[in-house]
Amino acid sequence: MFEGSLEKLKNGLKQLPGIGEKTAERLAFYLISGDKQSALNLADLITDSINSIKRCENCNMLSEESPCPICKNETRLKNVLCVVERTQDIYLIEKTSEYKGRYFVLGNLISPIDGIGPNQISFPKLEKLLIKENITELILALNPSSNGETTMSFITSKLKRKNLKITRLATGLPIGGDIEYTTSKTLASAIRNRNEV
Ligand SMILES: [Zn+2]
């Protein structure tokens, strides 16, 4: 019964994370049968945010400005850098108010099975930034999944040197769990009690 543009809309919605066939159908019908103006406004919001967001030239964070507001903020610690997988992780850490340094977004985790190696995780850019900004502590805030562990081991083995302290979030994060599903309080204590590796 789905055809033409409705079929395309449903298939487009299905590409979103967590949206299966049934939900995509429900959302597609909701959008075409509800208030036309509010659905069109939503379409504009999607277009506007996609067009206005870029990657910060320093830290890779998705932001409307480059350098992003965090890199430009002179009150933040310049010598501490927190490495995360995605921009969303920065929002989660910022919510804890526990961290006052800067960030670096890898974009990916190393995943041999998906053909993602060290060059696909912005590692060379991270290496340059460490030298340029005189970083003295690098916090690895990656999910403790198998790809997260592989990536943290790789970064540690490549960057281990005397004048750089490398730490990772304390346990308390569930093994194989996701930073996204951790409460702000647990995440704050994982940052506070981070361990040197
Ligand atoms: Zn930035």
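**Salt bridges, backbone and sheet**

Me: Start with Arg-86. Which residue does Arg-86 form a salt bridge with?

Reply: Arg-86 forms a salt bridge with Asp-89. The closest N and O atoms are 2.7 Å apart. Keep in mind that this is a predicted model.

Me: Are Arg-86 and Asp-89 buried or exposed?

Reply: Arg-86 is buried, and Asp-89 is buried too.

Me: How many salt bridges does the count come to?

Reply: The count comes to 11 salt bridges. One of them pairs Glu-94 with Arg-76.

Me: What's the distance between the closest N and O atoms of Glu-94 and Arg-76?

Reply: They are 2.8 Å apart. This pair links distant parts of the chain, 18 residues apart. Glu-94 is in helix H5, residues 87-96. Arg-76 is in the loop between H4 and strand S3 (80-84).

Me: Why does Glu-94 count as partly exposed?

Reply: Because its relative accessibility is 28%, and the partly exposed class runs between under 20% for buried and over 50% for exposed.

Me: And Arg-76, buried or exposed?

Reply: Arg-76 is buried, with a relative accessible area of 11%.

Me: What about Glu-98? Which side chain does Glu-98 meet in a salt bridge?

Reply: The side chain of Arg-192, at 2.8 Å from N to O. At 27% relative accessibility, Glu-98 counts as partly exposed.

Me: Which residues are linked in a network of salt bridges?

Reply: Glu-7, Lys-10, Lys-14 and Glu-21 are linked that way.

Me: New topic, the sheet. In what order do the five strands come?

Reply: The order is S4-S3-S5-S6-S7. The sheet is open and the pairing is mixed.

Me: Which strands stand at the edges?

Reply: S4 and strand S7 (195-196). Each has a single partner strand, so one side of each has no neighbour in the sheet.

Me: How many bridges join S3 to S4?

Reply: Four bridges join them, and the two strands run parallel. Among the bridge partners, Val-84 goes with Val-105 in S4.

Me: Which helix packs on the sheet, touching S3 and S4?

Reply: That is H5. Its direction makes about 155° with that of S4.

Me: And H7? Which strands does H7 lie across?

Reply: Helix H7 (residues 146-159) lies across S3, S5 and strand S6 (165-168). H7 runs at about 165° to S5.

Me: Backbone now. Which peptide bond is cis?

Reply: The one from Ser-66 to Pro-67, with omega near -5°. Pro-67 lies in the loop between strand S2 (62-63) and helix H4 (69-72).

Me: What is phi of Asn-60 near?

Reply: Near 75°, which is positive in a residue other than glycine. Asn-60 lies in the loop between strand S1 (54-55) and S2.

Me: Is Asn-60 buried or exposed?

Reply: Asn-60 is buried, with a relative accessible area of 8%.

Me: Then Asn-134. What is its phi near?

Reply: Phi of Asn-134 is near 55°, again a positive value in a residue other than glycine. Asn-134 sits in the loop between helix H6 (123-132) and strand S5 (137-140).

Me: Why does Asn-134 count as exposed?

Reply: Because its relative accessible area is 59%, and exposed means over 50%.

Key:
Residues are numbered from 1 along each chain as its sequence is written. This is a predicted model: local features need pLDDT of at least 70, side-chain atom pairs count only at pLDDT 80 or more; totals for chains, interfaces and linings use all residues. Side-chain values use heavy atoms; hydrogens and water are left out. Buried means under 20% relative accessible area, exposed over 50%, partly exposed in between (1.4 Å probe, protein chains only). A salt bridge is a side-chain nitrogen of Lys or Arg within 4 Å of a carboxyl oxygen of Asp or Glu. Two strands pair if DSSP finds at least two bridges between them. Contact means heavy atoms within 4.5 Å. Axes are lines fitted to C-alpha atoms, for helices over the stretch in contact, and angles run from 0 to 180 degrees between N-to-C directions.
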